[in-house]
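Dear colleague,

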Amino acid sequence: MSSVFTKIIQREIPSEIIYEQEDIIVIKDIHPQAKTHLLIIPKKEIETINHLEESDRNLIAEMFFVAKKVAKNLGIEQGYQLHFNVGEKGGQEVMHIHLHLLSNI
Ligand code: AMP
């Protein structure tokens, strides 16, 4: 079954899309934990960081470059947090990797 993020990517369910490129989408978190709370999501459905393969190396790096670009575009580049939750016991609810970007600027 597709993840909720794949459904967003495929426009099957609505979301506030902040940025999109061929391999990555950035959306607003539906339950924001900060003034700005975005999710940087690869379009490829990878369950957790533990499921990464060698061939995902560039994709993961690109997620950080997208974070940098979006932070600059939003004028929050002076201060933000980036984090991954990994696995249910690590607080991961959606089993499709995503990088949280949070800022209170
Ligand atoms: P995590 O706990 O790291 O898996 O984070 C999942 C995040 O996805 C949470 O912060 C949720 O608020 C967020 N989320 C879940 N469903 C949606 C949705 N439909 N649109 C936007 N964000 C969502």
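Arg11 is partly exposed, with a relative accessible area of 48%, where partly exposed is the range between buried, under 20% relative accessible area, and exposed, over 50%, computed with a 1.4 Å probe and protein chains only. Its side chain meets that of Glu20 in a salt bridge, with 2.7 Å from N to O; by salt bridge I mean a side-chain nitrogen of Lys or Arg within 4 Å of a carboxyl oxygen of Asp or Glu. Glu20 also counts as partly exposed, at 32% relative accessibility.

Before going further, please bear in mind that this is a predicted model, in which local features need pLDDT of at least 70 and side-chain atom pairs count only at pLDDT 80 or more, while totals for chains, interfaces and linings use all residues. Residues are numbered from 1 along each chain as its sequence is written, and side-chain values use heavy atoms, with hydrogens and water left out.

By the rule above, the count comes to 5 salt bridges. One of them is formed by Lys28 and Glu16, whose closest N and O atoms are 3.4 Å apart. This pair links distant parts of the chain, since Lys28 sits in strand E2 (residues 24-28) and Glu16 in the loop between helix H1 (4-9) and strand E1 (17-21), 12 residues apart. Helices (H or I, at least four residues) and strands (E, at least two) are DSSP runs, numbered from the N terminus. Lys28 is partly exposed, with a relative accessibility of 39%.

Another salt bridge brings together the side chains of Lys44 and Asp56, at 2.6 Å from N to O. Both residues lie in the loop between strand E3 (36-42) and helix H2 (57-74), so the pair ties together parts that are 12 residues apart in sequence. Which of the categories, buried or exposed, does Asp56 fall into? Asp56 counts as buried, at 2% relative accessibility, whereas Lys44 is partly exposed, with a relative accessible area of 39%. Elsewhere, salt bridges that share partners join Arg11, Glu20 and Lys43 into one network.

Ile17 lies in strand E1 and is partly exposed, with a relative accessible area of 32%. Ile17 and Ile27 are 10 residues apart in sequence, and their C-alpha atoms are 4.4 Å apart in space.

As for the chain as a whole, it has 2 helices and 5 strands, and from the N terminus on its elements run α-β-β-β-α-β-β. The radius of gyration is 13 Å, close to the 13 Å that the globule rule gives for 105 residues, so the chain is as compact as a globular protein of that length; the radius is taken over C-alpha atoms, and the rule is 2.2 Å times the number of residues to the power 0.38. Along its principal axes the C-alpha trace spans about 35 × 30 × 30 Å. Buried residues make up 39% of the 105 residues, and residues 24 or more positions apart account for 52% of the contacts with a separation of 6 or more.

Definitions and conventions:
Contact = heavy atoms within 4.5 Å.
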